[in-house]
Amino acid sequence: MSRYRRRRVMNRAMEVLATVAALVAVAALAVVVISVARRGAGAVSWDFFTKPQALFGQPGGGIANALVGTALLVLLATAMALPVGVLTAIYLTEFAPRRLAVPIQVVIDVLAGLPTIVIGIFVYALLVIGHTQSGYAGAFALAVIMLPLIARATQEVLLLVPGTLREASLALGVRRWRTVVGVILPSSVGGILTGTVLAVARAAGETAPLLFTSSIFANTVQTDVTKALPNIPVLIFTYSEQPDPALHQQAWAAALVLMAFVLVASLAAKALLARSRRKLAR
Amino acid sequence: MTESFTIAPVIDVAQVTQDSRPSEREVVFDIHDLTVSYGRVTAISGVDLQIHRNVITAIIGPSGCGKSTFIRCLNRMNDLVPGARIEGQILYQGSDLYASGVDPVEIRRRIGMVFQKANPFPKSIYDNVAWGPRVLGMRKELDERVEKALRSAALWDEVKDRLKKNALSLSGGQQQRLCIARAIAVEPEVLLLDEPASALDPIATSAIEDLMHQLKREYTLVIVTHNMQQAARVADLTAFFSLEVDETRRSGVLVEYDATSKIFTNPSDKRTEDYVTGRFG
Ligand SMILES: Nc1ncnc2c1ncn2[C@@H]1O[C@H](COP(=O)(O)OP(=O)(O)O)[C@@H](O)[C@H]1O
Ligand SMILES: [Mg+2]
């Protein structure tokens with residue numbers, strides 16, 4: 001009887017502990033959001049989104065050019081990472097024999113754990129030294145960060161596709177790659193998109209690799225990816241090092257915009273995933 | 001090596017099929033000393049069996065005796081199982097099914113399969129049936145082909161007004177008939193069915209059984225079932241598999257293969273008799 005009581009108390013204690021831990025996590029996020037909003041919200045206005053950065057020493061200005069730059073960088077990075085990531089995942093789950101799948105999986109896991117500054121230096125040595133900083137180099141660095149995220153997310157959804165569907169298609173005398181394209185991928189698009197959106201959210205805020213590959217101050221909108229592109233993370237970094245309090249406020253505001261984007265992207269990803277799960281479960 | 005006491009029966013096929021023209025006595029599968037193992041586990045050993053054209057052959061036996069293993073050898077589905085090893089010989093229309101240079105994908109196109117659990121694609125009813133032909137380059141008169149397959153599977157009247165609806169909205173029995181339609185839409189020569197009705201209610205089961213009698217005219221059918229009444233109702237020939245256990249290992253063997261009526265009323269082997277009279281598993 002006392003043992004039974006002890007178990008019950010233990011169970012209750014663990015439950016409370018877990019709840020408290022969850023609350024702490026939520027509180028941490030709330031503190032970050034509130035403090036960023038308090039410091040930056042004042043600078044958010046229509047002009048903030050539509051005007052490019054002002055020259056140093058001049059008042060006003062916005063982040064339009066950095067927004068465009070970040071959008072371009074992330075778009076380009078997605079264009080590189082999405083196909084490679086998805087194909088890698090397909091190879092791993094559908095084709096690779098075990099003795100190849102295991103080492104490739106390890107490589108992906110290592111890549112996912114690599115500090116982004118290391119990726120930055122690597123891309124700097126590879127693409128920037130001897131050339132110049134460029135949008136390409138920045139996007140490539142971001143793509144290296146996105147690749148393992150997309151590959152893992154894709155693997156997870158591919159494994160959710162029931163084996164009986166593969167069997168059904170193969171038993172018709174359909175080749176394996178055709179089965180993948182015609183049956184397996186259509187049931188996994190939702191999950192792949194979810195993973196991609198999360199990877200985009202992650203890449204959009206990465207600073208370290210861009211400091212090496214695409215850090216520039218400019219007061220016009222630039223779209224030439226062979227040159228360095230202004231972007232949000234680097235803007236936040238440079239503004240926060242300036243003495244001017246107006247620039248500090250703009251840095252906070254830019255951080256707020258970035259955070260809002262990540263939040264919206266995560267919610268969208270969650271909705272997408274729920275939809276694709278429902279589709280598979282039916 | 002286990003002693004296998006398979007009986008190679010001499011069956012007069014003409015006697016068991018009512019409307020047998022000469023061509024219908026053809027042997028489609030000629031199986032010699034088939035042994036299949038998964039890693040170190042032997043699933044079936046020493047199976048000798050002949051399967052005839054336009055005849056329904058039933059495979060019965062207790063669960064785990066290798067019925068699925070056996071039937072999956074006939075269209076090389078076991079190639080997809082890592083660690084599966086197949087020994088012995090299977091001649092399909094006279095040529096070795098497992099000879100090097102035989103493309104298993106082509107074999108699967110010619111020898112269709114329906115599985116225990118209905119597994120329609122998460123696509124529309126139409127696309128479930130049309131997808132195979134489309135991928136395999138049979139795009140001409142696709143609508144007619146789909147209709148014909150659905151009619152053959154006795155499903156057309158129930159779905160003709162909602163071909164664009166998702167297949168997963170159908171009932172279990174309809175889904176299984178859709179899977180049969182999907183399999184016959186690519187015009188296979190043989191249809192293998194692995195316990196196609198085991199998850200269905202009696203009404204859906206009887207629809208599938210009626211269907212099999214229809215399909216027999218055009219196809220060679222092999223059906224696995226653990227339901228003896230079902231075998232008795234649909235099959236012309238019945239093969240009884242059993243688990244043979246000796247000190248170190250156990251594996252499935254073919255015990256008796258004969259006309260269905262003989263298997264159920266007057267079996268030659270004691271083990272068959274025990275099984276069909278319900279004294280065993
Ligand atoms: N993919 C597999 N891997 C390993 N063992 C298997 C596999 N499939 C079947 N077996 C084994 O082979 C034996 C026969 O199984 P199966 O052919 O499914 O029998 P049945 O269909 O008559 O129930 C069983 O002992 C089973 O555990
Ligand atoms: Mg089985």
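Me: What makes B:Y38 and B:V81 residues around ligand 1?
Reply: A residue is near a molecule if one of its heavy atoms lies within 4 Å of it. The residues around ligand 1 are B:Y38, B:A43, B:S63, B:G64, B:C65, B:G66, B:K67, B:S68, B:T69 and B:V81. This is a predicted model, in which local features need pLDDT of at least 70 and side-chain atom pairs count only at pLDDT 80 or more, whereas totals for chains, interfaces and linings use all residues. Side-chain values rest on heavy atoms, without hydrogens and water, residues are numbered from 1 along each chain as its sequence is written, and chains are lettered from A and ligands numbered from 1 in the order in which they are written.

Me: Why is the pair of B:S68 and ligand 1 called a polar contact?
Reply: A polar side-chain atom of B:S68 lies 2.7 Å from an oxygen atom of ligand 1. A polar contact is a pair of N or O atoms within 3.5 Å, so this pair qualifies. A polar backbone atom of B:K67 is 2.8 Å from an oxygen atom of the ligand.

Me: What makes B:D103 and A:R175 a salt bridge?
Reply: The closest N and O atoms of B:D103 and A:R175 are 2.4 Å apart. The definition asks for a side-chain nitrogen of Lys or Arg within 4 Å of a carboxyl oxygen of Asp or Glu, so the pair meets it. The count between chain B and chain A is two salt bridges.

Methods: Polar contact = N/O pair within 3.5 Å; in protein donor to acceptor, adjacent residues only side chain to side chain.
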